[in-house]
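Subject: Structure handover

Hello,

Here is the structure for your files. My notes on it follow below.

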Amino acid sequence: MAQSSTETDWVSRFADEVIAEAERRAPGKPVVVASGLSPSGPIHLGNLREVMTPHLVADEIRRRGFEVRHVLSWDDYDRYRKVPKGIPGVTEESHAQHIGRPLTSVPAPAGSAYPNWAEHFKAAMVEALAELGVEYDPISQTEQYTSGAYRDQVLFAMKHRGDIDAILAQYRTKPKAAKKSQKPVDEAELEAAEGSGAAAEDDGSAEGAEYFPYKPYCGECGKDFTKVTSYDDETTELTYVCTEDEFTETVKLSEFNRGKLVWKVDWPMRWAFEGVVFEPSGVDHSSPGSSFQVGGQVVGIFGGEQPIGPMYAFVGISGMAKMSSSKGGVPTPADALQIMEPQLLRWLYARRRPNQSFKIAFDQEIQRLYDEWDKLEAKVADGSVLPADAAAHSRAVRVASHELPRTPRPMPYRTLASVVDVTAGHDEQTLRILSDLDPANPLTSLDEVRPRLDRAENWITTQVPADQRTLVREEPDTELLASLDDEGRRSLELLLEGLDSHWSLDGLTTLVYGVPKVMAGLDPEAKPTPELKVAQRQFFALLYRLLVTRETGPRLPTLLLAVGADRVRRLVAA
C-alpha cells in the first residue's frame with residue numbers, strides 16, 4: 001500500500017515541524033526561513049541547494065495559508081579572499097590588490113555591466129531564481145551594516161564580548177575539518193555550504209590579546225587587515241590599527257558603520273535579528289567548532305534561538321563540457337537553465353531529501369532524466385502516480401501563487417536534440433521533421449515545442465563535442481554500397497520500398513526493426529530472438545554508415561525523418 005504524502009514527502013515533514021516551531025516561538029507572526037549566499041564568485045548548483053531547500057519548505061507553508069518570509073542574505077560585505085582563476089577580465093595583477101576589501105568595494109571583472117564584484121556575480125543568480133519561481137526577500141549585508149541597521153547588535157556584541165569569547169574558546173582547540181579534495185568538474189560534488197557566509201573565517205581572536213568580535217575596514221586602504229586595540233563600553237570609542245599600512249584610527253562605534261561582526265558572531269546575530277525559524281546548513285557548517293554549531297550557543301546571547309534545519313549533502317555534476325562551463329569552472333543555475341526547463345531543475349532538488357546527494361546531468365544522461373520526467377507527467381495525468389512522486393511533481397511545476405510557464409507540447413527531449421543536431425537548428429527543416437513525427441496531429445509552429453526545443457538545441461551546441469555531432473553525408477558512400485552482398489542490397493531495397501507508407505515516427509520504427517525480420521523470413525510483428533537482434537544491430541550500423549559516416553547516431557526513425565525521404569533514397573540506393 002502506498003504511504004501517505006506526509007509520510008514520504010520530506011518537504012511536508014519539514015513544513016509540519018517549522019509551523020509547530022514558529023507557533024511555539026512567536027505565535028501569529030510570519031514564519032521566517034533563511035538562506036545565505038556569498039557573491040564571491042560564480043554561485044554554483046551546489047549553492048542553489050542553500051536556497052531551494054528553504055524555498056520548497058516556505059512554499060509548502062504558504063500553500064497551507066500561513067504567512068511566510070524567505071530571507072535571502074547576500075553576504076556581500078564579506079571580505080574578498082582570493083582572486084579566482086579562469087574568470088575573463090580578472091587576473092592576479094588586476095585584482096590581488098583588492099584582497100581584504102568588502103565584495104561590494106571590489107571592481108567587477110573587466111567589461112562587466114555591473115558596478116562591483118558582488119553585483120556582477122549576484123546578477124546571474126537573481127535571474128535564475130526568478131526563472132525558477134523562487135520568491136524571497138533579499139537583504140544586502142553591505143546595506144545593513146553601512147546603514148547602521150545592526151548598530152545596536154554590534155554594540156551589544158562588544159559589550160558582551162567576554163561571554164562570546166568564552167563560548168568560542170571551547171572550540172578553538174578542536175581539530176580542523178579535513179581539507180576538501182579538489183576534483184575535476186565532471187566528478188565534482190558542489191558544496192552548497194560555501195554560499196552561506198564564510199565558513200572558514202576566523203572568529204576574531206588574537207593570542208594574548210583582548211577578544212573583540214568586530215572587525216573594521218581600514219579608513220585608509222579599505223581592507224580588513226585591522227586589529228582592534230582598545231574599546232570603551234561607556235563612550236563606545238574604538239581604536240584600531242591596520243597591519244597593511246599601519247594606519248590607526250579612533251572612532252565612536254555608536255556612529256561608525258564601516259565594519260562588521262566576525263562571521264561566527266554575525267550569523268547567530270542575524271538569526272536573532274530576523275527571527276529565523278528554519279535554515280539548512282551544509283556539511284562544513286555542521287562539524288564540531290563550525291559556525292552553525294558555535295552559533296547555536298552564541299545566538300542565546302542575542303536573545304534568540306538557533307534555527308531548525310537539516311544538514312544538506314553535495315550536488316554532483318555529470319559531464320560538464322569545458323567549452324560552456326561558467327567562468328570560474330563550476331556550473332551555475334544559469335548554465336543548467338540553458339539546457340533544461342525550470343520544472344526539471346526544481347524537480348531534481350524537490351525529489352531528494354536534503355541529506356541525499358544527487359547529480360545534475362550535462363551529458364547524455366540529461367536525455368534519460370527527461371524521459372523519467374515525461375513518464376512522471378504521464379502518471380500524474382492518468383492518476384497512477386504515487387503520493388510522494390505527485391508531491392515532488394507538484395512542487396516542480398508550480399509555486400503557491402502560480403504555475404510556472406511550460407512547453408505547450410512537450411515532445412521527447414532526445415527527439416528534439418536529435419532533430420536540431422541533424423538540422424543544425426534550421427527552423428524550417430526542424431518544423432518539417434517535427435510535423436512528420438505525428439502526421440495525424442502535425443505541429444504548426446515551433447512555439448508549441450518551446451522552450452524545450454531551445455533547451456535541447458543549447459545542449460547540442462554547448463555540451464556535445466563537435467566530433468560527436470551528427471553530420472549527414474552530402475554524397476553516397478559508393479565504395480560501401482558497391483561492396484554489399486545480395487542480402488545487404490535487398491535489406492536496403494525493403495527499407496526504401498516502405499518509406500512512403502511508413503513515413504511517421506511510429507511507422508519508421510516498425511519499418512527499421514521489421515526489415516531484418518522479413519529478411520529472416522519472419523512476420524514484421526514477430527518477437528525478436530537473440531539472432532534477430534544481432535541482425536538488427538548489423539542493419540542499423542549499415543544505415544548509420546551510409547547516412548552519417550559513423551556506426552551510431554540519433555535514433556534511426558528520427559534520423560530518417562530528419563534526413564528526409566528524397567535524401568535517404570539518394571544516400572541508400574544500392
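How many residues lie between β6 and β7 in the hairpin they form, and which residue in the turn has a positive phi? There are 5 residues between the two strands, and T236 is the turn residue, with a phi of about 65 degrees.

Two remarks on the source. This is a predicted model, in which local features need pLDDT of at least 70 and side-chain atom pairs count only at pLDDT 80 or more, while totals for chains, interfaces and linings use all residues. Residues are numbered from 1 along each chain as its sequence is written, and side-chain values use heavy atoms, with hydrogens and water left out.

Strands β6 (residues 226–231) and β7 (residues 237–242) run antiparallel and are joined by 5 bridges; strands pair if DSSP finds at least two bridges between them. K227 has V241 of β7 as its bridge partner. Strands (E, at least two residues) and helices (H or I, at least four) are DSSP runs, numbered from the N terminus.

Cavities

The structure holds 3 cavities of 30 Å³ or more. A cavity is a set of points on a 1 Å grid over the protein atoms alone where a 1.4 Å probe fits but cannot get out, and lining residues have an atom within 4 Å of a point. A volume is the space filled by probe spheres set on the points, which are joined across faces, edges and corners.

The largest cavity has about 110 Å³. Its lining has 14 residues, with A34, S73, W267, R270 and E279 nearest the centre. Helix α9 gives the most, 5 residues. By type, the lining has 6 nonpolar, 4 polar and 4 charged residues (Ala, Val, Leu, Ile, Met, Phe, Trp, Tyr, Cys and Pro count as nonpolar, Asp, Glu, Lys and Arg as charged, the others, Gly among them, as polar).

The second largest cavity has a volume of about 90 Å³. Its lining includes Y370, W373, E377 and R452. The largest share, 3 residues, comes from α13.

Helix packing

α2 (residues 10–25) and α3 (residues 47–63) pack at about 70 degrees, with axes 9 Å apart. Axes are lines fitted to C-alpha atoms over the stretch in contact, and angles run from 0 to 180 degrees between N-to-C directions. The two helices are therefore roughly perpendicular (65 to 115 degrees). The contact divides into 9 nonpolar, 2 polar and 1 charged.

Regards

Technical notes:
On a 1 Å grid over the protein atoms alone, a cavity is a set of points where a 1.4 Å probe fits but cannot get out, and a pocket is an open set with protein on both sides within 12 Å along at least five of seven lines; lining residues have an atom within 4 Å of a point. Angles under 35 degrees count as roughly parallel, over 145 as roughly antiparallel, 65 to 115 as roughly perpendicular and the rest as oblique.
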